[in-house]
Amino acid sequence: MNGIQQQWDDFHRCVERRDVIFYYVGYFSQTIIAAMADAVKLRAEHTGAVSVTRRKLFSSFIEMTQNIVHYSADSYEKKGISEAGMRHGAVFISLTNERYYLHCSNPVNAVVAEKLREKLEHLRSLTIDEIKLEYKEMLRAETPPDSKGAGLGFLTMARDASEPLEFEFSPPAADGTSMFYLRATI
């Protein structure tokens with residue numbers, strides 16, 4: 001076997017052992033997210049997920065990818081100009097014992113990291129009923145001025161998850177950015 005094929009086979013075996021059903025690392029844009037969303041829908045159907053689980057998996061996947069587009073500190077630049085909506089990150093979905101695990105990571109600056117930490121720690125302190133109530137209240141409220149969306153992303157994931165959202169930040173790099181890691185269990 002040649003070297004490239006061997007590397008591919010090794011990677012494929014590693015993915016199968018981890019029950020990875022979707023993986024992407026690179027730049028995210030709305031167009032790329034739409035294409036990935038189609039692939040996630042097909043993979044969820046292929047793995048036999050029931051419709052409620054597919055909906056939760058899909059909505060949480062969309063929210064994770066939107067967070068990368070909105071908050072990643074690594075934007076695509078062409079000739080020294082940042083492209084709006086092209087941000088770097090990674091997302092993967094695994095399936096173990098009939099539970100889906102959605103993971104994402106992306107670099108964030110210190111100010112964003114602190115805001116994300118506050119939001120996520122707050123969500124982890126709530127019961128599912130409190131999360132649902134806050135979700136309904138957020139639907140009726142004005143979009144927060146510091147939000148790049150409607151502010152529903154983490155609430156959507158927390159509402160749809162079967163366990164509290166898990167997160168962590170790496171120690172800051174020399175440029176002040178940290179890697180943000182998030183996991184939702186569906």
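The dialogue below moves from the chain as a whole to single residues.

Guide: Please note at the outset that this is a predicted model.

Visitor: How many helices and strands does the protein chain have, and in which order do they run?

Guide: The protein chain has six helices and six strands. Read from the N terminus, their order is α-β-α-α-β-β-β-α-α-α-β-β.

Visitor: What share of the residues of the protein chain count as buried?

Guide: Residues are called buried when their relative accessible area is under 20%. Of the 186 residues in the protein chain, 37% count as buried. The accessible surface amounts to about 10900 Å², and carbon and sulfur atoms contribute 54% of this area.

Visitor: Which residues touch the most other members of the largest nonpolar core?

Guide: That core has 43 residues, and those touching the most other members are Phe61, Ile93, Leu165, Phe180 and Leu182. Helix 3 provides the largest share of this core, with six residues.

Visitor: Which residues does Leu165 touch, if those up to four places away in sequence are not counted?

Guide: Leu165 touches Leu120, Leu123, Arg124, Phe154, Met157, Ala158, Leu182, Arg183 and Ala184. For the protein chain as a whole, take the contacts between residues at least 6 apart in sequence: 66% of them join residues at least 24 apart.

Visitor: Is Gln66 buried or exposed?

Guide: Gln66 belongs to helix 3, which spans residues 51-71. The relative accessibility of Gln66 is 16%, so Gln66 counts as buried. Apart from neighbours within four places in sequence, Gln66 is in contact with Gln30 and Ile33.

Visitor: Where do Asn97 and Glu98 lie?

Guide: Asn97 is in the loop that links strand 3 (81-96) to strand 4 (99-108). Glu98 also lies in the loop between strand 3 and strand 4. To judge their exposure, one compares the relative accessible area with the cut-off for exposed residues, which is over 50%. Asn97 has a value of 72% and is therefore exposed. Glu98, at 74%, counts as exposed as well.

Visitor: Where is Asp175 found, and with which side chain does its own side chain make a polar contact?

Guide: Asp175 is found in the loop between strand 5 (166-169) and strand 6 (178-185). The side chain of Asp175 makes a polar contact with the side chain of Thr177, at 2.7 Å. With a relative accessibility of 60%, Asp175 counts as exposed.

Visitor: How far apart are Asp175 and Ala110 in sequence and in space?

Guide: They are 65 residues apart in sequence, while the C-alpha atoms of Asp175 and Ala110 are 9.8 Å apart in space.

How values were computed
Residues numbered from 1 in each chain as written. Predicted model: local features only at pLDDT ≥ 70, side-chain atom pairs only at ≥ 80, totals over all residues. Heavy atoms only, no water. Helix = DSSP H or I, 4+ residues; strand = E, 2+ residues; numbered from the N terminus. Buried < 20%, exposed > 50% of the residue type's maximum accessible area, 1.4 Å probe, protein only. Polar contact = N/O pair within 3.5 Å; in protein donor to acceptor, adjacent residues only side chain to side chain. Contact = heavy atoms within 4.5 Å. Areas by Shrake-Rupley, 256 points an atom, 1.4 Å probe, with all protein chains shown as cover. Core = buried A, V, L, I, M, F, W, Y, C linked by side-chain atoms within 4.5 Å.
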